[in-house]
Amino acid sequence: MNVHTQRIVMNGVTGRMGYRQHLVRSILAIRDEGGLELPDGSRLQVEPVLVGRNRDKLAELAERHGIAEYTTDLDEALADDSATVYFDAQVTSERKKSILKALAAGKHVYTEKPLAESVEEGLELAQAAASSGTVTGIVHDKIFLPGLVKLKGLIDSGFFGRILSVRGEFGYWVFEGDLTPSQRPSWNYRAADGGGMVLDMFCHWNYVLEHLLGRVDAVWAKTVTHIPERWDEQGRRYDATADDAAYAIFEIGDVVVQMNSSWTVRVNRDELVEFQVDGTHGSAVAGLWGCRIQPRVATPKPVWNPDLPTDEDFRGQWSQVPDNQEFGNGFRAQWEQYLLDVHEGRPHPYDFASAVRGLELVEAGLRSSAEGRRVALETRTA
Ligand SMILES: NC(=O)c1ccc[n+]([C@@H]2O[C@H](COP(=O)([O-])OP(=O)(O)OC[C@H]3O[C@@H](n4cnc5c(N)ncnc54)[C@H](O)[C@@H]3O)[C@@H](O)[C@H]2O)c1
């Protein structure tokens, strides 16, 4: 059988995202199934080359998963012409210089989000990619969440009638690290190290909203650092300088999207993220997995009466959208799309231009909060 092999330089695979989602659940899963089937019946196989700072950790990973090659020298890995793709899941602040090297070496580049720490840096990378003629890709995992797949199906079917508004709630309590160790890496809470809720999450919200409703026209946001001190992986106290919550309104045409993103909220929802969409003909609440709906014709008529306790089971008045299909791992699904695009030499829809639009929303949100005003997104890059 004809087998094409793509060797992928993978940087940052000792981290949470790089290891679990990208290496194990995506690339090794594809490799262990003998690669992807191409339309002509041949196969596209993958071969990871691990890159990182700690040789011992890389050696242990390579041994555990039967990976032949690893190195602590990025330049050496990039000098290998048989490797066609560079992937980056390092901490955000390390990304730009590594991607510039990869592009200069002629590699196709796929990367975790955010692409960079500012629009300016993102544009520099997008321009470098355009001149190198390579296929770029940015992680856009959230649109593969089963709940959002169901929500997109509802929108496409016309279920909502005219969509009026969206209320998104994302987040959970991230422990400060003193009494209970934190469940997220400490760099996320230091601005100088690329941390911050807006930088972290607005690039996700940008492609999610583009996918569901269209481009964001304007943003109002209030960003806050609610918890000013935290304790790191070694139990050392540090100043938490990055925003840990953002309260935003995004305007998309006439649709008003309120989006709360917070590492300082205790969960009183069914899932860690939920989006309630209200339309003239129906409403839905989509989470990571589930999606509940209430059509216009099944909408009860609540009456405000402060003299009596509420006896209505409001949640019981909604019905679940059935699964009706198998949902694979979203990280793997996007890798498959990207690898096929590289193989065919065609642009990937979630490319660096898409990543820059995400950074534009980040900057607009931060500016809105700093200046206390609505910020229109006028610069369009794609
Ligand atoms: N798509 C998503 O849902 C999602 C979720 C979380 C994080 N991320 C993104 O993935 C990237 C990695 O996040 P993570 O949570 O896996 O972080 P992590 O701290 O667990 O891993 C960071 C990786 O970068 C490496 N690294 C390189 N230089 C470093 C330096 N100077 N300091 C510290 N680490 C360095 C580490 O060795 C490690 O492999 C970030 O850019 C983040 O924004 C994406």
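The model is predicted.

Leaving aside neighbours within four places in sequence, G214 is in contact with L209 and I252. The C-alpha atoms of G214 and A128 are separated by 27 Å, and these two residues lie 86 residues apart along the chain.

## Helix packing

Two packed helices are described by the angle between their axes and the distance between the axes.

| Helix pair | Angle between axes | Axis distance |
|---|---|---|
| Helix 1 (residues 16–32) and helix 8 (residues 330–344) | about 60° | 9 Å |
| Helix 4 (residues 95–104) and helix 5 (residues 119–132) | about 10° | 10 Å |
| Helix 5 and helix 9 (residues 352–371) | roughly 170° | within 9 Å |

Helix 1 and helix 8 pack at an angle of about 60°, and helix 1 is therefore oblique to helix 8. The crossing of these two helices is right-handed. On the helix 1 side, the residues in contact are M17, Q21, H22, R25, S26, I27, A29 and I30, and they meet F331, R332, W335, E336 and L339 in helix 8. By class, this contact of helix 1 with helix 8 has seven nonpolar, three polar and three charged residues.

Helix 4 packs against helix 5 at an angle of about 10°. Because angles under 35 degrees count as roughly parallel, helix 4 is roughly parallel to helix 5. Helix 4 contributes K96, I99, L100 and L103 to the contact, while helix 5 contributes E121, E124, L125, A128, A129 and S132. The contact of helix 4 with helix 5 has six nonpolar, one polar and three charged residues.

Helix 5 also packs with helix 9, their axes crossing at roughly 170°. The two helices are therefore roughly antiparallel to each other. From helix 5, the contact is made by V119, E120, G122, L123, L125, A126 and A129; from helix 9, by F352, V356, L359, E360 and E363. By class, the contact of helix 5 with helix 9 has eight nonpolar, one polar and three charged residues.

## Surroundings of V51

V51 lies in strand 3 (residues 43–51). This valine is buried, with a relative accessible area of 3%. Not counting residues up to four places away in sequence, V51 touches V9, M10, N11, G12, V13, L58, T71, L74 and A77.

E76 is found in helix 3 (residues 74–79). E76 is partly exposed, with a relative accessible area of 48%, whereas V51 is buried. The C-alpha atoms of E76 and V51 are separated by 9.8 Å, the residues being 25 apart along the chain.

## Backbone features in two loops

Which peptide bond is cis, with omega near -15°? The bond concerned runs from K113 to P114. P114 lies in the loop between strand 6 (108–111) and helix 5.

N324 has a positive phi of about 55° although this residue is not a glycine. N324 is found in the loop between strand 17 (319–320) and helix 8. At 73% relative accessibility, N324 counts as exposed, the class being defined as over 50%.

## Cysteines

How many disulfides does a search of the whole structure find? The search finds zero. Of the cysteines, C203 is buried, with a relative accessible area of 8%, and C291 is buried as well, with a relative accessible area of 0%.

Conventions
Residues are numbered from 1 along each chain as its sequence is written. This is a predicted model: local features need pLDDT of at least 70, side-chain atom pairs count only at pLDDT 80 or more; totals for chains, interfaces and linings use all residues. Side-chain values use heavy atoms; hydrogens and water are left out. Axes are lines fitted to C-alpha atoms, for helices over the stretch in contact, and angles run from 0 to 180 degrees between N-to-C directions. Helices (H or I, at least four residues) and strands (E, at least two) are DSSP runs, numbered from the N terminus. Angles under 35 degrees count as roughly parallel, over 145 as roughly antiparallel, 65 to 115 as roughly perpendicular and the rest as oblique. A crossing is left-handed if the near helix is turned anticlockwise from the far one by less than a right angle, and right-handed if clockwise. Contact means heavy atoms within 4.5 Å. Ala, Val, Leu, Ile, Met, Phe, Trp, Tyr, Cys and Pro count as nonpolar, Asp, Glu, Lys and Arg as charged, and the others, Gly among them, as polar. A disulfide is a pair of cysteine sulfur atoms within 2.5 Å. Buried means under 20% relative accessible area, exposed over 50%, partly exposed in between (1.4 Å probe, protein chains only).
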